[in-house]
Amino acid sequence: IGIRGKNYVDPNLMPPNCLGLTLDSEAVREAERRREARAGEKVDTNPVSRALYDVGCFCLDELFEDRPIARFWFLETIARIPYFSYISMLHLYESFGWWRQPELRKVHNAQEFNELHHLLIMEALGGNARWRDRFLGYHVAIGYYWAINAIFLTSPAAAYEFMELLESHAVDTYSTFFNENKERLKALPPPRVARSYYKAADLYLFDDFQISKRPKTRRPPCDNLYDVFKNIAEDEAE
């Protein structure tokens, strides 16, 4: 009815709407097709996992059209879940005396800590501003956790393959995004949580999930929002 409280702020003047960022879903799909066409870069997985993945990507495109930061928040909410599941199931395997590998649990802890900071960055940018996005994200995450547990119990390889599909999609999405918005992102400052993570004095958990580089050699810049999203894409690739 047009009545506004004295503290009302137009949503278009608040993050993420005020940031002026875009994401072309077709460009993301094209980046995925190019990656999968390169030798050795297509994730080999079973037809059921691939079908579920394709359906999930379609839903993301439809639900978060023209809302890239909300899409990233949703993705990062989901992205943490496999590591919770892996750690839970590895503890279960140890409890039953089936298998013990503490180094793997250590790596998964570092990976989850990394995904947590990606999530905090998206929250700092207003990615969780809408109640319906939070409702959907949290409920999908709960269901996803138990689904990964069940898959891991029957086939750990299948559980890891599905996560690899999602991480590869994240690399394609973030890379497309920071290239599409390069000039705008370079003009925006990084969130405080991003600087505190990538420029922290103690980066032991950051070093623990680096696979392609020697420990203590990757020290990415964090001077603007472009650096932040480029760092996230590189994290997902690791």
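View 1. D207 is buried, with a relative accessible area of 10%. Here buried means under 20% relative accessible area, exposed means over 50%, and partly exposed lies in between (1.4 Å probe, protein chains only). This is a predicted model, in which local features need pLDDT of at least 70 and side-chain atom pairs count only at pLDDT 80 or more, while totals for chains, interfaces and linings use all residues. Residues are numbered from 1 along each chain as its sequence is written, and side-chain values use heavy atoms, with hydrogens and water left out. R219 and D207 join their side chains in a salt bridge, 3.0 Å from N to O. This pair links distant parts of the chain: D207 sits in helix 10, and R219 sits 12 residues away in the loop between helix 10 and helix 11 (225-237). R219 is partly exposed, at 39% relative accessible area. A salt bridge places a side-chain nitrogen of Lys or Arg within 4 Å of a carboxyl oxygen of Asp or Glu.

View 2. Helices are DSSP runs of H or I with at least four residues, numbered from the N terminus. The 17 residues of helix 2 (residues 47-63) should span 24 Å at 1.5 Å a residue, and the end C-alpha atoms are 24 Å apart, which agrees. The expected span is 1.5 Å times one less than the number of residues. S49, R50, Y53, C57, L60 and D61 are the buried residues of helix 2. They lie on the same side of helix 2, because their arc around the axis is only 110°. That arc is taken from the directions from the helix axis to the C-beta atoms. P47, V48, L52, V55 and F58 are exposed on the other side of helix 2. The buried residues pack against helix 1 (25-37), helix 3 (68-79) and helix 7 (156-180).

**View 3. D61 meets R71.** D61 lies in helix 2. D61 touches S25, R29 and R71, leaving aside residues up to four places away in sequence; contact means heavy atoms within 4.5 Å. Is D61 buried or exposed? D61 is buried, at 12% relative accessible area. R71 is buried too, at 1%. R71 and D61 form a salt bridge, with the closest N and O atoms 2.9 Å apart. R71 lies in helix 3 and D61 in helix 2, so the pair ties together parts that are 10 residues apart in sequence.

**View 4. E26 and R29 pair within helix 1.** The closest N and O atoms of the E26 and R29 salt bridge are 2.9 Å apart. Both residues lie in helix 1, three residues apart, about one turn of the helix. An α-helix has 3.6 residues a turn, so residues three or four places apart point the same way. E26 is partly exposed, at 38% relative accessibility. R29 is partly exposed, at 33%. The structure holds 19 salt bridges.

View 5. D66 is found in the loop between helix 2 and helix 3. Phi of D66 is near 65°, a positive value in a residue other than glycine. D66 counts as exposed, at 63% relative accessibility.

View 6. pLDDT is the predictor's confidence in each residue, from 0 to 100. The chain has a mean pLDDT of 88, and 94% of its residues reach 70 or more. Confidence is lowest in helix 10 (residues 204-208), at a mean of 79, and highest in helix 8 (residues 182-186), at 95.

Notes
Helices (H or I, at least four residues) and strands (E, at least two) are DSSP runs, numbered from the N terminus.
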